[in-house]
2 protein chains.
Amino acid sequence: MANEQSFSLSCPVPIQNYSQVLMAHGGGGKLMHQLISKMIVPAFRNDLLDSMHDSTVFSLGDSRLAFTTDSYVVRPMFFPGGDLGSLAVHGTVNDLAMSGARPLYLSAGFIIEEGLPMEALWRIVCSMREAAERAEVQIITGDTKVVDKGKGDGLFINTAGIGLVEHQLVIAPGSVQPGDAIVLNGDLGRHGMAIMSAREGLEFESNIHSDSAPLAGSVLALIRAGLDVHCLRDCTRGGLTSVLNEISETSGFTIEIEERLVPVREDVRAACEILGLDPLSVACEGRFVVFLPAAQAPKAIEILNASTVEPGACQIGTVSATRENRVILKSTLGARRILDMPSGEQLPRIC
Amino acid sequence: MANEQSFSLSCPVPIQNYSQVLMAHGGGGKLMHQLISKMIVPAFRNDLLDSMHDSTVFSLGDSRLAFTTDSYVVRPMFFPGGDLGSLAVHGTVNDLAMSGARPLYLSAGFIIEEGLPMEALWRIVCSMREAAERAEVQIITGDTKVVDKGKGDGLFINTAGIGLVEHQLVIAPGSVQPGDAIVLNGDLGRHGMAIMSAREGLEFESNIHSDSAPLAGSVLALIRAGLDVHCLRDCTRGGLTSVLNEISETSGFTIEIEERLVPVREDVRAACEILGLDPLSVACEGRFVVFLPAAQAPKAIEILNASTVEPGACQIGTVSATRENRVILKSTLGARRILDMPSGEQLPRIC
């Protein structure tokens with residue numbers, strides 16, 4: 001109630017310039033960042049929300065818990081390498097993992113459009129069940145709503161997740177240090193390109209499968225090995241570019257990435273070129289960056305590669321000592337350019 | 001993984017009879033009950049989910065926590081006595097309260113249709129903020145998604161909630177005992193009728209305001225007074241009728257209600273008659289039933305009336321010793337009839 005006086009009842013100015021919500025307000029770039037940081041976070045203001053992390057950590061009795069939520073609206077509902085159901089489990093499990101939490105429980109809220117084939121709902125529910133088993137979480141509470149035909153899009157799923165933080169690390173952008181290595185767990189852009197290939201009218205030369213996967217096993221392996229993990233973030237909406245810009249902004253340090261070190265498959269790179277997309281800004285659903293002391297990078301890479309069936313972890317850059325909030329990409333030809341936060345909606349409804 | 005063999009990959013038969021999802025699958029009646037109990041719960045099967053309560057209680061360290069989720073799709077977004085935002089806070093707070101939990105934290109997931117006026121989003125966000133303050137919960141994590149124009153309906157909100165159970169009671173349908181009094185905290189049907197009056201083309205004689213309200217304060221007052229609360233349930237989709245049928249089914253006892261004791265306002269009754277609705281099956285968002293030993297009913301009524309600005313609590317019936325799963329309504333003329341679970345969709349998109 002103390003904030004009552006300082007809280008304006010008029011819509012914030014940067015938002016009001018847009019009288020309506022645009023697709024780009026959900027795209028992971030500048031407009032989405034503005035909507036969240038200028039409207040929603042100030043309105044709900046509290047110390048925990050202000051942390052603006054993938055999930056929020058709070059203490060309860062002797063336990064530290066992580067809490068997160070995500071709605072999943074990806075189209076098409078079924079795509080190479082995954083579907084809406086497995087994505088709704090992986091995405092929330094991964095948001096918990098990015099706080100270094102062990103995922104325990106999920107909720108599942110279904111918003112169904114009247115006329116959805118029962119068989120499609122069943123396939124999605126079965127996929128969620130399998131994904132939850134693989135990720136070792138239980139779906140313990142749920143809700144179903146049905147909306148009129150034409151007022152939804154088949155199925156939207158919201159999952160919220162509770163995880164247990166079983167270590168003393170403070171895993172957050174604010175813990176990032178100059179000299180930290182930035183380790184990525186695999187090649188970029190496959191989820192986004194798998195979705196595009198599944199959308200009508202787009203066929204690529206090879207079949208690109210989504211990278212959608214649960215990441216908690218890899219993260220917990222890093223932590224249990226005693227590595228000094230400073231920050232974790234999965235490369236979802238807005239891709240690696242958004243993630244690095246957010247961490248640079250919060251930590252205040254310049255981040256430097258070497259283009260030749262960032263793994264992108266040839267078929268993904270070709271597909272991105274056709275669509276005029278930057279693979280570094282394309283959403284992944286099974287890729288994340290680890291910030292940790294440079295000396296620990298080789299061990300982290302070894303652990304990441306041992307914890308997955310798709311090894312491909314590598315160091316892609318470092319945190320500079322420069323106290324300037326920006327991300328520098330060093331090209332293969334030696335040029336340095338600023339990697340800006342993506343401004344619009346690169347790929348709508350990718351997750 | 002132990003369940004793998006016993007789990008059929010074909011869609012369950014009672015669901016398959018409907019090849020598509022109907023509006024009634026979200027209406028709080030028989031079809032919704034079937035969708036949840038025959039498809040979703042068996043698929044996600046685990047001991048916690050099986051409790052099928054408004055929220056799920058689990059232990060963590062020395063703490064007992066409640067976890068719940070609900071999506072809110074009510075149309076229109078603004079109605080007499082409330083809006084989508086306050087409803088999304090009250091509904092989830094109330095689901096936690098029905099486990100006797102003190103609500104602590106909420107998540108908020110927004111699914112926005114492209115083109116939603118920014119001002120409407122801002123009004124909803126402000127309303128959520130006010131409702132959260134009143135209910136003494138914090139919104140600590142969130143998510144925004146934007147879907148294409150024509151693929152949503154303005155705004156859907158999902159909230160999930162975490163609460164703390166600070167007592168030793170087992171508040172659940174299974175704790176209901178023969179002889180228990182059934183106490184209701186106020187008059188029925190106002191939320192549903194407020195929504196109907198706000199929908200185009202329907203005007204009632206008086207202005208009926210929604211009963212939407214946070215109920216945790218009332219519930220915690222009952223528990224702190226040392227009352228032996230056996231079961232709590234809020235009368236949302238499907239109204240009092242659904243709630244009593246569910247509790248009768250789970251507990252196995254016959255429930256007897258006296259029609260003349262059930263408070264329904266005259267204007268609500270008249271509006272229901274116009275629409276051919278039974279006020280006992282209309283959704284409320286601020287009404288709940290308490291099952292407790294008959295001797296404690298007067299004290300419960302006193303506490304409920306002291307904990308609200310709208311006193312109107314009363315005993316409406318009792319749990320019979322008959323081990324038969326049904327709900328009996330004793331009419332004002334002395335007739336007894338079975339109050340069946342509502343079969344279809346009485347009022348779509350009421351919450």
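Just after helix α4 of chain B, Glu136(B) takes a positive phi of about 60°. This is a predicted model, in which local features need pLDDT of at least 70, side-chain atom pairs count only at pLDDT 80 or more, and totals for chains, interfaces and linings use all residues. Residues are numbered from 1 along each chain as its sequence is written, chains are lettered from A and ligands numbered from 1 in the order in which they are written, and side-chain values use heavy atoms, with hydrogens and water left out.

Let's look at the helix itself. Helices (H or I, at least four residues) and strands (E, at least two) are DSSP runs, numbered from the N terminus. Helix α4(B) covers residues 118-135 and reaches 26 Å from its first C-alpha to its last, close to the 26 Å expected at 1.5 Å a residue; that expected span is 1.5 Å times one less than the number of residues. Of its 18 residues, 13 are buried, so α4(B) is largely enclosed by the rest of the structure. Buried means under 20% relative accessible area, exposed over 50%, and partly exposed in between (1.4 Å probe, protein chains only).

Now for a pair of strands in chain B. Strands β1(B) (residues 56-60) and β2(B) (residues 63-72) run antiparallel and are joined by five bridges; two strands pair if DSSP finds at least two bridges between them. Together they form a hairpin with two residues between them, and Gly61(B) in the turn has a positive phi of about 60°.

In chain A, Asn185(A) sits in the loop between β8 (180-184) and α5 (190-198). Asn185(A) is buried, with a relative accessible area of 8%. Its side chain makes two polar contacts, listed here (N or O atoms within 3.5 Å; within protein, one must be able to donate a hydrogen and the other to accept it, and residues adjacent in sequence count only if both atoms are side-chain atoms).

| Side chain | Backbone atom reached | Distance |
|---|---|---|
| Asn185(A) | oxygen of Gly286(A) | 3.1 Å |
| Asn185(A) | nitrogen of Phe288(A) | 2.8 Å |

Finally, how do the chains relate? A rotation of 180° with 0.0 Å of shift along its axis superposes chain B on chain A (RMSD 0.0 Å), by least squares on the C-alpha atoms of residues with pLDDT of at least 70 in both. The two copies are thus related as by a two-fold rotation axis.
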